[in-house]
Amino acid sequence: QGETATLPNKIFTFLASGIMFALFFGLIFNWEAVPFLFAALLFHESGHMLGMVLFDFENRQILFIPPFGPVAIGKRHDAKAWQWLIILLLGPLPGILLGAVLWYVYLVWMPLDWILESAVILFVLNLFNLLPFTPLDGGRIIELLYLNRHPRLQLVFSGVSVAAFAVGGYWFGDFILWGLAALFGWFLVKRIKSRKNLEPQLDRN
């Protein structure tokens, strides 16, 4: 996180990273889907951000990481586990609820294609985020509830998550899943190295 960023810097980072993300998805996939995907992802991360605001997190910001999407960041060292749980759930649950509302509107009142597309993207995006793999929201919830007191199990769980993304990338031929597997594999290696460096000190203590 580093030093607290100024508001102009946060706005510039958000806009610049958002434009890069939109250009990437537009060039690689489909320009027509970019507004729907952008709005759904931003709505998801805004839910996380709302939780951080409610619990007085500092240095809050939403930025995009092409090609993976946006992330809400904030800092509070004394945050309770139940507060983190609410923050994590405020991402996918409102998106699923809004998707259900749009689906109902499409079926009952306005059978418009953009409403259906919005509902499908909201469902897929937020249900995907609830899969039990780190660093998706579902995986982080499992870590928070069951693995925080068991660091070795947490590393094993992270390794399984990396393998799941790699298998998904191979099975679906999706380079984004491959990229996620590589990125989170690199983070996992760093965590393992940092733990190995810490264990001798813990043993001496």
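**Briefing: helix packing, cores and selected residues**

Aspartate 56 is exposed, with a relative accessible area of 57% (exposed is over 50%, buried is under 20%, and partly exposed lies in between, with a 1.4 Å probe and protein chains only). The model is predicted: local features need pLDDT of at least 70, side-chain atom pairs count only at pLDDT 80 or more, and totals for chains, interfaces and linings use all residues. Residues are numbered from 1 along each chain as its sequence is written, and side-chain values use heavy atoms, leaving out hydrogens and water.

**Positive phi**

- Aspartate 56 sits in the loop between H2 and S1. Helices (H or I, at least four residues) and strands (E, at least two) are DSSP runs, numbered from the N terminus.
- Aspartate 56 is not a glycine, yet its phi is positive, at about 60 degrees.
- Most residues other than glycine have a negative phi.
- Asparagine 59 also has a positive phi, near 50 degrees, and is a residue other than glycine.
- Asparagine 59 lies in strand S1. Asparagine 59 is buried, with a relative accessible area of 9%.

- Strand S1 covers residues 58-65 and holds glutamine 61. Isoleucine 62 is in strand S1 too.
- Glutamine 61 is buried, at 10% relative accessible area.
- Glutamine 61 touches Lys10, Thr13, Met49, Val71, Ala72 and Ile73, not counting residues up to four places away in sequence. Contact means heavy atoms within 4.5 Å.
- Isoleucine 62 is buried, at 13% relative accessible area.
- Leaving aside neighbours within four places in sequence, isoleucine 62 contacts Phe14, Leu42, Glu45, Ser46, Met49, Pro70, Val71 and Ala72.
- Isoleucine 62 and histidine 48 are 14 residues apart along the chain, and their C-alpha atoms are separated by 9.5 Å.

**Helices H4 and H5**

- The axes of H4 (residues 92-108) and H5 (residues 113-129) come within 8 Å and cross at roughly 155 degrees. Axes are lines fitted to C-alpha atoms, for helices over the stretch in contact, and angles run from 0 to 180 degrees between N-to-C directions.
- H4 is therefore roughly antiparallel to H5. Angles over 145 degrees count as roughly antiparallel, under 35 as roughly parallel, 65 to 115 as roughly perpendicular, and the rest as oblique.
- H4 passes H5 in a left-handed crossing. A crossing is left-handed if the near helix is turned anticlockwise from the far one by less than a right angle, and right-handed if clockwise.
- The contact includes Trp103 and Tyr106 of H4, with Phe123 and Asn126 among the residues of H5.
- The residues of this contact divide into 15 nonpolar, 4 polar and no charged. Ala, Val, Leu, Ile, Met, Phe, Trp, Tyr, Cys and Pro count as nonpolar, Asp, Glu, Lys and Arg as charged, and the others, Gly among them, as polar.

**Helices H6 and H7**

- H6 (residues 137-147) packs on H7 at an angle of about 160 degrees, with the axes 10 Å apart.
- That makes H6 roughly antiparallel to H7. The crossing of H6 and H7 is right-handed.
- Gly139, Ile142, Glu143 and Leu147 of H6 meet Pro151, Leu153, Gln154, Phe157 and Ser158 of H7.
- The contact of H6 with H7 has 5 nonpolar residues, 3 polar and 1 charged.

**Helices H1 and H2**

- H1 and H2 pack at about 135 degrees, with their axes 10 Å apart. H1 is therefore oblique to H2.
- The crossing of H1 and H2 is right-handed.
- Phe14, Gly18, Phe21, Ala22, Phe25 and Gly26 in H1 meet Val34, Leu37, Phe38, Leu41 and Leu42 in H2.
- The residues of the contact of H1 with H2 divide into 9 nonpolar, 2 polar and no charged.
- Leucine 23 is found in helix H1. At 42% relative accessibility, leucine 23 is partly exposed.

**Nonpolar cores**

- The largest nonpolar core has 26 residues, and Phe165 and Leu180 have the most contacts inside it. A nonpolar core is a set of buried Ala, Val, Leu, Ile, Met, Phe, Trp, Tyr and Cys residues joined through side-chain atoms within 4.5 Å.
- H1 (7-28), H2 (34-54), H4, H5, H7 (151-172) and H8 (175-204) each supply at least two residues of this core. H8 gives the most, with 6 residues.
- A second, separate core has 8 residues, including Met49, Phe57, Ile62 and Ile87.
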